Amino acid sequence: MKRSIYFVVSVLFVLAAAFPGIQSQDPRLKNAFRRPVQNGWLSVHLQGAPHQIGFQHGFLLSTEIKEAFAAIKLELTHETNKDWAFFRDAAQNILWPRVEREYREELQGIVEGLNAKNADMDLWDLTAMNAFLEMFNYADSLAKQDKLTDPSRLPVMAERCSAFVATGSYTKDGRVVIAHNTWTYYLDGRHWNIIYDIVPEKGYRILMDGVPGLIHSGDDFGMNSAGILITETSISGYSGWTSEGIPEFVRARKAMQYSASVDDFDRIMRTGNNGGYANNWLVADRKNNEIASLELGLKNVTLLRSTDGYFCGANVPVNKKLIQEETHFDPSDPSLSANARRVRWEGLMAEFRGKIDVATGKKFLSDHWDTFEKKESPSERTLCGHVDLSPRGMSSYGPYAPFGVTQAKIADAAMAERMSLWGAIGSPCGIDFKAAPHLRLHPEFNWQKNLLRDIDSRPWTLFEAAK
């Protein structure tokens, strides 16, 4: 009998660790749960009204949010030479007034969930954390609160990510395929390991990847129950921002939640556009096999659509007027990361026309062909990026910067019908990053030492929205 009681108690402890929601009878946690970590991914199910979803998020992921916050805080303050008080002030006085009520309630709910688990974060910490991707580039504008700052006075956006979307004669079954790998500092990139399954009170169900604590994906790979699939890559060399617009993280989340068509997505992202975290957004509608590219600058916005073609994201600005007016990008230099990767994408699309599916897409995301040197050489010039292996570095990331691919995702139309996606933690090519030996060789990055961790390549894993 004692052994039986001991076994039951042990099982309960294991379940409590795996599903923190069962530790509390708080009604706000109804229908919410988290699953055990799987190949580096942690998946959570959130459901209800905005404040309830927020509370579930903060409560179930409190430990992970605190760890991600520490990394983002260190990275943001170091890279901009601003203290954290600066970003808290910007969050409260510039961004918060332009966050609509639904997402205010969700952010407030996250803080209450964190506080219930004794996490020392408040609303301005969390709002600044959600906006960290746009704050990197617009810290100086935030300080001045300029309505429209001269691009020549702003730092430029560095390359982040590789992606594609294809349909029609380019794919094996004629339906859409979409894929993305995330490029970021390994310092924050290891925290991009959450699979969110969100059932909001209003709008459509969402399945997306993300960072704990963010109400949007951040690297913006996801889908909704209306059949819309979304991803993006940033615009290289871009600069431009206005304090009077709606923060990018709010528009990105709203578009993921409320778009039922390409037109919806286009409208939501354009409305209140502040130029923050400017991206070339790749979108697919599985219902009619339409794909689109929305290049969203501040002054120049270009929407391209197709039912038989592809769009690729390699951080290359497309619109010539945008290049001239809003970037410092040189489209004629084949040695640049973005240009080299664009050439590789176009070559792969031509070579595999009519054959593109999930299996080939996974290979694309692992690709190490350098089109400039014309050889296999993992670096900043390959679709699977490894700036940490490059003596050249990339943009604002110097030689051997601990920066590169930290995870990858892919889905096709049939998977989107089931609300499912494939994800791989670490570099999908199989190359691991080891923090300690890298810092011994490159001590200039020792400012990351206390928080930089290994990122091991993990197997591809299938995720599906809870039944």
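Is Cys 429 buried, partly exposed or exposed? With a relative accessible area of 25%, Cys 429 is partly exposed; buried here means under 20% relative accessible area, exposed means over 50%, and partly exposed lies in between, using a 1.4 Å probe and protein chains only. Before we go on, note that this is a predicted model, in which local features need pLDDT of at least 70 and side-chain atom pairs count only at pLDDT 80 or more, while totals for chains, interfaces and linings use all residues. Residues are numbered from 1 along each chain as its sequence is written, and side-chain values use heavy atoms, with hydrogens and water left out.

Let's stay with the cysteines for a moment. A disulfide is a covalent bond between the sulfur atoms of two cysteines. The criterion applied here is a pair of cysteine sulfur atoms within 2.5 Å, and the structure holds zero disulfides. Cys 161 is in no disulfide, as its nearest cysteine sulfur, in Cys 384, is 12 Å away. Cys 161 is also buried, at a relative accessible area of 2%. For Cys 429, the closest cysteine sulfur is again that of Cys 384, at 3.7 Å, which is too far for a bond.

Next, the helices. Helices (H or I, at least four residues) and strands (E, at least two) are DSSP runs, numbered from the N terminus. Helix H2, residues 50-60, is mostly covered, since nine of its 11 residues are buried. Among them are Pro 50, Ile 53, Phe 55, His 57 and Leu 60. The buried residues of H2 pack against strand E1 (33-34), strand E2 (42-48), helix H3 (62-80), H5 and strand E5 (194-200), where contact means heavy atoms within 4.5 Å.

H5 has another partner to look at. Helix H5 (residues 101-116) and helix H6 (residues 123-130) pack at an angle of about 120 degrees, with their axes 9 Å apart. The axes are lines fitted to C-alpha atoms, for helices over the stretch in contact, and angles run from 0 to 180 degrees between N-to-C directions. H5 and H6 are therefore oblique to each other: angles under 35 degrees count as roughly parallel, over 145 as roughly antiparallel, 65 to 115 as roughly perpendicular and the rest as oblique. On the H5 side, Leu 107, Gln 108, Ile 110 and Val 111 meet Leu 123, Leu 126, Thr 127 and Asn 130 of H6.

Ala 338 sits in helix H12 (residues 337-351) and is buried, with 0% relative accessibility. Beyond its neighbours within four places in sequence, Ala 338 is in contact with Glu 159, Ser 236, Ala 314, Asn 315, Val 316 and Phe 329. Arg 286 belongs to the loop between strand E9 (279-285) and strand E10 (290-296), and its 18% relative accessibility counts as buried. Not counting residues up to four places away in sequence, Arg 286 touches several residues, including Arg 175, Ser 225, Leu 229 and Glu 417. From the C-alpha of Arg 286 to that of Glu 201, 85 residues apart along the chain, the separation is 23 Å. Gln 448 lies in the loop between helix H15 (435-441) and strand E17 (461-464), and is buried at a relative accessible area of 0%. Leaving aside neighbours within four places in sequence, Gln 448 is in contact with Leu 74, Tyr 185, Leu 187 and Pro 402.
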